[in-house]
Amino acid sequence: MTRKPQEYDWFYRKPAWQKLRQMALSRDNGLCVRCFKQNKIKKADVVHHIVYLTDDIQKGLDINNLECLCHACHNEEHDERWTGKKSKWKKNMRKGLMFDDDGNIVEEQEMPES
């Protein structure tokens, strides 16, 4: 099941989400939690829902359902979800797409080296 990029835009524009997103970034010190678990320090670009909104909208504003991720980890998460296999971040849900800093699906751009 794929979602249209605009399907949950209303949710991400709500002040409650914006506030919770900032709380999650503060909680995780602005770092990607998956990279940190591998002893890597990388800036978080996206606040990700562990249980997706499409699976349970009620968990959308649960801070315990959020993790801060870098673009690479976030794109890997979504690629694995839709294809059933892990891959490098450049292989996105669909060729030519990636996530921007706000978690929106956009056309792929070259990512600067970190």
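Strand β2 (residues 66-69) sends L66 and C68 one way and E67 and L69 the other way, and all are buried. Buried means under 20% relative accessible area, exposed means over 50%, and partly exposed lies in between (1.4 Å probe, protein chains only). This is a predicted model: local features need pLDDT of at least 70, side-chain atom pairs count only at pLDDT 80 or more, and totals for chains, interfaces and linings use all residues. Residues are numbered from 1 along each chain as its sequence is written, and side-chain values use heavy atoms, with hydrogens and water left out.

**Strands**

- Strands (E, at least two residues) and helices (H or I, at least four residues) are DSSP runs, numbered from the N terminus.
- Strand β1 covers residues 46-49 and pairs with β2 in the antiparallel sense.
- Four bridges make up this pairing. Two strands pair if DSSP finds at least two bridges between them.
- H49 has L66 in β2 as its bridge partner.

- The structure holds four salt bridges. A salt bridge is a side-chain nitrogen of Lys or Arg within 4 Å of a carboxyl oxygen of Asp or Glu.
- R34 forms a salt bridge with E67, and the closest N and O atoms are 2.6 Å apart.
- E67 lies in strand β2 and R34 in helix α3 (residues 33-37), so this pair ties together parts that are 33 residues apart in sequence.
- R34 also forms a salt bridge with E77, where the closest N and O atoms are 3.0 Å apart.
- E77 lies in helix α4 (residues 71-83) and R34 in helix α3, so this pair ties together parts that are 43 residues apart in sequence.
- Salt bridges that share partners join R34, E67 and E77 into one network.

**Burial in the network**

- E67 counts as buried because its relative accessibility is 11%.
- E77 counts as buried too, at 17% relative accessibility.
- R34 is partly exposed, because its relative accessible area is 25%.

**The R27 and D28 pair**

- The side chains of R27 and D28 also meet in a salt bridge, at 3.0 Å from N to O.
- R27 counts as partly exposed because its relative accessibility is 36%.
- D28 has 15% relative accessibility, so D28 counts as buried.
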